[in-house]
Amino acid sequence: MGLRSIVDPRLVGSLASAGHYPQTVTIQAAVRTPDAYGEPVAAWSDRVGLAQLPAAIVPAGGSEPSSGTGVWSITSAKILIAGAYPQIEVADRAVDDAGRVWDIQAVDVGPHGEWTNLAAQIVTVGR
């Protein structure tokens, strides 16, 4: 008995055109180049074929830890992208259409190519 999906991949295309994925995300990868002192500095560039992907961003919690050096906030979300994108890596980041930059924590691709689910977070230092 093979793996079966409860969501037909054709349905995902219908959901995207019906507005089920109201946001878009662009996946970016770090390109490391040395600075004047030879230290690597990350510059981000869009990954080929991974720009303006239909997505639904759902809050997944957050916290405001504090220490002797200050307070920061962690905002977590699940980002559901229509279609399979196994080339997305944990080292990448997602930039949504509101300009928020999400650090990707985990990538899960649907068994039949109907979706890609990202666990992501934004860490804001100081307040």
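Glutamine 28 has its bridge partner in strand E6, namely arginine 93. This is a predicted model, in which local features need pLDDT of at least 70 and side-chain atom pairs count only at pLDDT 80 or more, while totals for chains, interfaces and linings use all residues. Residues are numbered from 1 along each chain as its sequence is written, and side-chain values use heavy atoms, with hydrogens and water left out. Let's start with the overall picture and then walk through the strands.

**Overall make-up**

- The protein has 1 helix and 8 strands, and from the N terminus on they follow the order α-β-β-β-β-β-β-β-β.
- Among the 127 residues, 28% count as buried; here buried means under 20% relative accessible area, exposed means over 50%, and partly exposed lies in between (1.4 Å probe, protein chains only).
- Of the contacts with a separation of 6 or more, 56% are between residues 24 or more positions apart, a contact being heavy atoms within 4.5 Å.
- The accessible surface is about 7700 Å², and carbon and sulfur atoms hold 56% of that surface. Areas come from the Shrake-Rupley method with a 1.4 Å probe, and for residues only the protein chains shown count as cover.

**How the strands pair**

- E1 and E2 are antiparallel and share 7 bridges; two strands pair if DSSP finds at least two bridges between them.
- Valine 31 faces alanine 43 of E2. The hairpin of E1 and E2 has 5 residues between the strands, and glycine 38 in its turn has a positive phi of about 85°.
- E1 also runs antiparallel to E3, with 3 bridges, and threonine 24 is partnered there by proline 54.
- A further antiparallel pairing joins E1 to E6 through 4 bridges, with threonine 26 opposite valine 95.
- E6 and E7 are joined by 3 bridges, again antiparallel, and arginine 93 has aspartate 103 of E7 as its bridge partner.
- The hairpin of E6 and E7 has 4 residues between the strands, and glycine 99 takes a positive phi near 90° in it.
- E6 is covered on both faces: Arg93 and Val95 are buried on one side, Ala94 and Asp96 on the other.

**Two residues to look at in E1**

- Glutamine 23 belongs to strand E1, which covers residues 23-34. A polar atom of the glutamine 23 side chain lies 3.1 Å from the backbone nitrogen of isoleucine 57. A polar contact is a pair of N or O atoms within 3.5 Å; within protein, one must be able to donate a hydrogen and the other to accept it, and residues adjacent in sequence count only if both atoms are side-chain atoms.
- Glutamine 23 and aspartate 96 are 73 residues apart in sequence, yet their C-alpha atoms are 7.1 Å apart.
- Threonine 26, also in E1, is buried at 8% relative accessible area. The threonine 26 side chain comes to 3.1 Å from the backbone nitrogen of glutamine 52.
- Leaving aside residues up to four places away in sequence, the contacts of threonine 26 include Asp46, Leu50 and Arg93.

**The nonpolar core**

- The largest nonpolar core has 17 residues, and Val25, Ile27, Ile79, Ile81, Ile88 and Trp102 touch the most other members. Such a core is a set of buried Ala, Val, Leu, Ile, Met, Phe, Trp, Tyr and Cys residues joined through side-chain atoms within 4.5 Å.
- Two or more core residues come from each of E1, E3 (53-63), E5 (70-82), E7 (101-109) and E8 (115-125).
- Beyond residues up to four places away in sequence, isoleucine 81 touches residues including Val25, Leu53, Ile88 and Trp115.

**Salt bridges**

- The whole structure holds 2 salt bridges, each a side-chain nitrogen of Lys or Arg within 4 Å of a carboxyl oxygen of Asp or Glu.
- Aspartate 92 pairs with arginine 47, their closest N and O atoms being 2.4 Å apart. Aspartate 92 is in the loop between E5 and E6 and arginine 47 in the loop between E2 and E3, so this pair ties together parts 45 residues apart in sequence.
- Aspartate 92 is buried, at 5% relative accessibility.
- Arginine 100 and aspartate 96 form a salt bridge at 2.6 Å, N to O. Arginine 100 is partly exposed at 35% relative accessibility, whereas aspartate 96 is buried at 4%.
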